[in-house]
Amino acid sequence: MFKIDTRHVVIAGFSLALVLMAGLTVIGLKQMAEINVQFEAITQQHVVKSTLIAKMRTTARERVLLLLAMALTADPFERDEQFMRFNQGASDFLEMRGQLTRMKLSRDEQTILDRQRAMTMISVPIQERAAEMIMDGKANEAKEILIRE
């Protein structure tokens, strides 16, 4: 008759349990590392989006302030410098917006970006017309347009 040594069975069972636990630990650590990489990528993308949005907001505000400064500045050289910064702000804004649109956006983010574009399409022509008027020496008329529009 076949005799089973219980000591060997216990050792084999215990060894198998250790191997399974080690395997599960390795698989778990690998999964956690992959999740960590994905989380870091998502976080980094969120930081980039937030930074771009903050810079876009600042640039838009600076353009409005430059426009008002142009309207109040008597020195033509200083006004020209402000006008150049005003135009550079538009380029900077468009570049940042382009970077944002090339990123993967959620439906809500895309909706907000579309609304921002619609508002920009209204305000930018008014700002540019006012800037041209200021540069043509019609600062008072430009101020009226800015206040009215």
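This is a predicted model: local features need pLDDT of at least 70, side-chain atom pairs count only at pLDDT 80 or more; totals for chains, interfaces and linings use all residues.
What covers the buried residues of α1?

1. Residues are numbered from 1 along each chain as its sequence is written, and side-chain values use heavy atoms, with hydrogens and water left out.

2. Helix α1 spans residues 6-72, 67 residues in total; helices here are DSSP runs of H or I, at least four residues, numbered from the N terminus. From first C-alpha to last, α1 reaches 97 Å, close to the 99 Å expected (1.5 Å times one less than the number of residues).

3. The buried residues of α1 are K49, L52, M56, T59, R63, L66, L67, M70 and A71. Buried means under 20% relative accessible area, exposed over 50%, and partly exposed in between, with a 1.4 Å probe and protein chains only. Their cover includes α2 (76-101), α3 (107-135) and α4 (139-148).

4. M70 lies in α1 and is buried because its relative accessible area is 0%. Leaving out residues up to four places away in sequence, M70 touches R79, Q82, F83, F86, A131, I134 and M135 (contact: heavy atoms within 4.5 Å). The C-alpha atoms of M70 and A130 are separated by 9.8 Å, although the two are 60 residues apart along the chain.

5. L18 is also in α1, but this residue is partly exposed because its relative accessible area is 39%.

Terms used:
Helices (H or I, at least four residues) and strands (E, at least two) are DSSP runs, numbered from the N terminus.
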